[in-house]
Amino acid sequence: MSPQDLVEHALRDAARLEPQLGAFVTMDAEGARASAYRAARELVEGVDRGPLHGVPVAIKDNVATAGLRTTMGSRHFADHVPTQDADCVARLRSAGAIILGKTTTHEFAYGPTGDRSANGAARNPYDAERMSGGSSGGSAVAVAAGIVPLALGTDTGGSVRIPAAYCGIVGLKPTQDAVPTDGVFPLSPSLDTVGALARTADDCRLLWEALVGPRPGGPGATRQTHTTSRPRIGWIDPETLFPTDSAVCGAARGTLDLLGPDAAQVDEVAVPAEALFPVYSTIQGAEAFFVHADRMAAAPDLYDEEVLARLQDAARVDRADYYEALLVRRRARAALLDLLRGYDLLALPTVPIPAPFLEARTVPAAGGNVDVRAALLSLTSPWSVAGLPALSTPAGFVDGLPVGLQLVAPPGGEHLLLATAAALRHAEGPALPIPPNTGVTGPVPSTPRTSATTQL
């Protein structure tokens, strides 16, 4: 297929699916077509920028794109058009990727549910009445529905991994500072990362390598396992962190066990991370309020009511509590790194419950009701606090909804995460289907390649 073919398929499916899914805020049909023409012309001239050359991708709407509206999901920035690309976007353009459009984000990326945005909710492609997860919900939906094979998101406490799990795709949160966040609107600067979403681990690897390239010894460098053929994996009982649906836990553990004893040694481990969700909330809240304080004072009415209420609560975080949280984070990171000296990876479910209905803020669990936001972040935020790379990979379905298995590595372990997810995918069998209610027609390219004989 030519770059033009890929772009036209993506634009057609996006236009057809937008009314039911809400994946995109802004489409750039004209820019995408022009980029596809240039990509095809380069191929004819013998210039091949690599596996992403001519491939349409989507960008989360809190990541700056030169000349293309970037709203942060908020009325504050309804008409904001950056003059410069974010660093991560510039890297994708350099690799030949084509920016199709900007995807829905929870307002200012401040929420894991994905249903608070000036342009409306990003809806789960398996059940449009359910959450996609957030805050990178639009990017996950666009990939899961087959509109694009790859998308960028951001992950501060789970914002790539949660929607990846709920949409049945792969989502990678890298090591802290592995990818520059220049040009990404900040939520919590000491926790923010740029993440990758794709239908498969192999595709995710291509996107990851376009973002970082070979980086020996750097934050994104490959970490060697204790043994190249049989990594040691520590399984964490999610109940030690948060009440977890037994079917979700069973699906995640069953997926991990697909590796078999010859491929991996899996041990039960206890993790010193139980107290990290409050630490995460304190750090994120204090830093988010600092980012928004002037804007809240000048135009509070432009915020979503729920997001504004959360920022007002965050204003009450005491400076002493913030510094204490930073100290706890340092100790927790040291403890987790010490644990990972004996294991190549840790594993647990990505999210403890199936996707809730849109607007739900409590759900039944553990014989009572649990807070949805706390549930969604409970199993992902500890690794964000520690600055560790983590990945969500599909782990089957519970009640017809996708769930995820989360893998966690030491700093620089992204390639091991991706290789393990690819091995699980290979052990699982046939490729995941496109969500049946999207009715996508035509090809959904996986690492598509274009030809030097492309017609211009």
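The exercises below, each with a worked solution, concern a predicted model.

**Exercise 1. Packing of α1 and α2**

Determine how helix α1 and helix α2 are oriented relative to each other, and which residues make their contact.

Solution.
Step 1. Two packed helices are described by the angle between their axes and the distance between the axes.
Step 2. Helix α1 covers residues 3–21 and helix α2 covers residues 29–44; the angle between them is about 160°, and their axes are 8 Å apart.
Step 3. Angles over 145 degrees count as roughly antiparallel, so α1 is roughly antiparallel to α2.
Step 4. The handedness of the crossing of α1 and α2 is right-handed.
Step 5. On the α1 side, the contact is made by P3, Q4, V7, E8 and L11. On the α2 side, A29, A32, R33, A36, Y37, A39, A40 and L43 take part.
Step 6. Sorted by class, the residues of this contact of α1 with α2 comprise ten nonpolar, one polar and two charged.

**Exercise 2. Packing of α6 and α13**

Carry out the corresponding analysis for helix α6 and helix α13.

Solution.
Step 1. Helix α6 is formed by residues 201–212 and helix α13 by residues 414–428. Their axes come within 8 Å and cross at roughly 160°.
Step 2. With the cut-off for roughly antiparallel at over 145 degrees, α6 is therefore roughly antiparallel to α13.
Step 3. The crossing of α6 past α13 is left-handed.
Step 4. From α6, the residues A201, D202, C204, R205, W208 and E209 meet E414, H415, L418, A421 and A422 of α13.
Step 5. The contact of α6 with α13 has six nonpolar residues, one polar residue and four charged residues.

**Exercise 3. Salt bridges and their accessibility**

State how many salt bridges the model contains, and examine the pairs formed by D87, D127 and D313.

Solution.
Step 1. Side chains of opposite charge can pair when their charged atoms come close. The criterion is a side-chain nitrogen of Lys or Arg within 4 Å of a carboxyl oxygen of Asp or Glu. The count by this rule is 21 salt bridges.
Step 2. D87 pairs with R91, with 2.6 Å between the closest N and O atoms. Both residues belong to helix α3 (residues 87–94); because they are four residues apart there, about one helical turn separates D87 and R91. D87 has 27% relative accessibility and counts as partly exposed; R91, at 27%, also counts as partly exposed.
Step 3. D127 forms a salt bridge with R130, and the closest N and O atoms are 3.5 Å apart. D127 is partly exposed at 24% relative accessibility.
Step 4. For D313 and R316, the closest N and O atoms of the salt bridge are 2.5 Å apart. D313 is partly exposed, at 48% relative accessibility, whereas R316 is exposed, with a relative accessible area of 61%.
Step 5. Salt bridges with shared partners also join D115, R116, D304, E306, E359 and R361 into one network.

**Exercise 4. The setting of P149**

Locate P149 in the chain, and decide whether P149 is buried or exposed.

Solution.
Step 1. P149 lies in the loop between α4 (137–144) and β4 (150–155).
Step 2. The relative accessible area of P149 is 3%. Buried means under 20%, so P149 is buried.
Step 3. P149 and R41 are 108 residues apart along the chain, and their C-alpha atoms are separated by 22 Å.

Note on methods
Residues numbered from 1 in each chain as written. Predicted model: local features only at pLDDT ≥ 70, side-chain atom pairs only at ≥ 80, totals over all residues. Heavy atoms only, no water. Helix = DSSP H or I, 4+ residues; strand = E, 2+ residues; numbered from the N terminus. Buried < 20%, exposed > 50% of the residue type's maximum accessible area, 1.4 Å probe, protein only. Axes fitted to C-alpha atoms, helices over the stretch in contact; angles between N-to-C directions. Parallel < 35°, antiparallel > 145°, perpendicular 65-115°, else oblique. Left-handed = near helix turned anticlockwise from the far one by under 90°. Contact = heavy atoms within 4.5 Å. Nonpolar A, V, L, I, M, F, W, Y, C, P; charged D, E, K, R; others polar.
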